[in-house]
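Me: I am new to this structure and would like to go through it in short steps. Please show it first.

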Amino acid sequence: RHRLNGVSALHTELLKQQTFADFNQFYPDKIVNITNGITPRRWLHQANPPLSKLICDTIGSAWIKQLDQLERLAPLAEDADFRERFAAAKLANKTHLANLVKHHMGESIDPHTLFDVQVKRIHEYKRQLLNLLRVITLYNRLIDAPDLELVPRTILIGGKAAPGYFMAKLIIRLINDVAVIIDNDRALAGRLKLLFIPNYDVSTAGDIIPAADLSQQISTAGMEASGTGNMKLALNGAITMGTLDGANIEILEQVGAEHIFTFGLTAEQVKERKEKGYDPRQYYEQDSELKQVLDQIGSGYFSPEEPHRYRPIVDSLLNGGGDPFMLLADFRAYLDCDARVDARYRSRDDWFRSAVLNTARMGYFSSDRTVAEDPASGQTVPLFNPRLQVWAEHF
């Protein structure tokens, strides 16, 4: 009767094949999969009034308790008028977030730029640092070629680190130092903006997630148990840019490969690289853009008052069995994927067709399905909790 639950299909297989392989041989039916879910009441109906109203006006309100009803929106991805109304709801949320950022941080962000978002706990395996290497590369490209055609971006990073997590705190500081350098370069005004959102919490998430155009889910493959931020962002019409990790794989299966941006090593490839002996320095030596970025970080380009401030970051990537989360191995694939994002965003119709389909195909990721799913059969069972039913009826 007692079972061990994996919270995504990939995570469950890792439990069976690696973490508890011996246990699984003795008890092959004990490890089951019930993929995590999120509540649509909180993460769409309450957090995103403009989009919730549009959906209710279009297909009624049954989706609030039966998220698979959102599939009725899928045909409307081909409706130009609906795409424009969907885009208007997104712009309203972006404008709302821009006003909050101005009020609380004194920073100006342009709601007409691409809102490129990574919000989650700060941890090396979640690879906020890989995101930052990309930002610095974009910065260098714009400095070297001022006429370079690049979709204007507002890159938002938010999250908290454990109090004693030195490297995570250092990465947060580097993000802020890079943001200062970018802000002080007038040639980049309106083209590239980096902002670290402080004190990230559930309420802040409720403001950021509805405003996101692009959802960064770039953990090292095999490291993320599931992820639920990816589900919240996709439900609100953000397109995922991510590795084949955690529930990203199941989001890919639901939305289709043409409506998600994937890149990087798979969990199996990560395992193989580590077993054969991974040498991150070869990527550093062979990729001139990567070398430039790491040299800038290590030499104090972003911390001239303390040139060696970020040497520990560079050392962690290059020296003594460095780069355990394989940022350098995925760096070039990440930039190539970013170029695909840039090209898609230039076509408003293509972008919002994908955005609508991301919202429409998130029915599987409802926490109602998670709670009701029978771990033995994989089928959903009726919810008999009367308190839950009364609470759901309230919405």
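Me: With how many bridges do strand S3 and strand S4 pair?
Reply: This is a predicted model. In it, strand S3 covers residues 114–119 and strand S4 covers residues 153–158. The two run in the parallel sense, and the number of bridges between them is six.

Me: What distance does helix H13 reach from its first C-alpha to its last?
Reply: Helix H13 spans residues 288–299, twelve in total. At 1.5 Å a residue, the expected value is 16 Å. The model comes close to that, with a reach of 16 Å.

Me: Which helices do the buried residues of H13 pack against?
Reply: The buried residues of H13 are Leu-290, Val-293, Leu-294, Gln-296, Ile-297 and Gly-298. They pack against helix H6 (128–144), helix H7 (166–183), helix H12 (281–286), helix H14 (311–318) and helix H15 (327–345).

Me: Which residue caps the N-terminal end of H13?
Reply: A side-chain oxygen lies 3.1 Å from the backbone nitrogen of Glu-289. The residue that supplies this oxygen, and so caps the N-terminal end, is Asp-287.

Me: Which residue follows H13?
Reply: The residue after the helix has a positive phi, near 95 degrees. It is Gly-300.

Me: Is Cys-337 buried or exposed?
Reply: The structure holds zero disulfides. Cys-56 has a relative accessible area of 22% and is partly exposed. The cut-off for a buried residue is under 20%. Cys-337 is at 0%, so it counts as buried.

Me: What separates the C-alpha atoms of Lys-65 and Arg-41?
Reply: Lys-65 sits in the loop between helix H4 (49–59) and helix H5 (80–105). Its relative accessibility is 35%, so Lys-65 counts as partly exposed. Lys-65 and Arg-41 are 24 residues apart along the chain, and their C-alpha atoms are separated by 7.8 Å.

How values were computed
Residues are numbered from 1 along each chain as its sequence is written. This is a predicted model: local features need pLDDT of at least 70, side-chain atom pairs count only at pLDDT 80 or more; totals for chains, interfaces and linings use all residues. Side-chain values use heavy atoms; hydrogens and water are left out. Two strands pair if DSSP finds at least two bridges between them. Helices (H or I, at least four residues) and strands (E, at least two) are DSSP runs, numbered from the N terminus. A disulfide is a pair of cysteine sulfur atoms within 2.5 Å. Buried means under 20% relative accessible area, exposed over 50%, partly exposed in between (1.4 Å probe, protein chains only). The expected span of a helix is 1.5 Å times one less than its number of residues. Contact means heavy atoms within 4.5 Å. A polar contact is a pair of N or O atoms within 3.5 Å; within protein, one must be able to donate a hydrogen and the other to accept it, and residues adjacent in sequence count only if both atoms are side-chain atoms.
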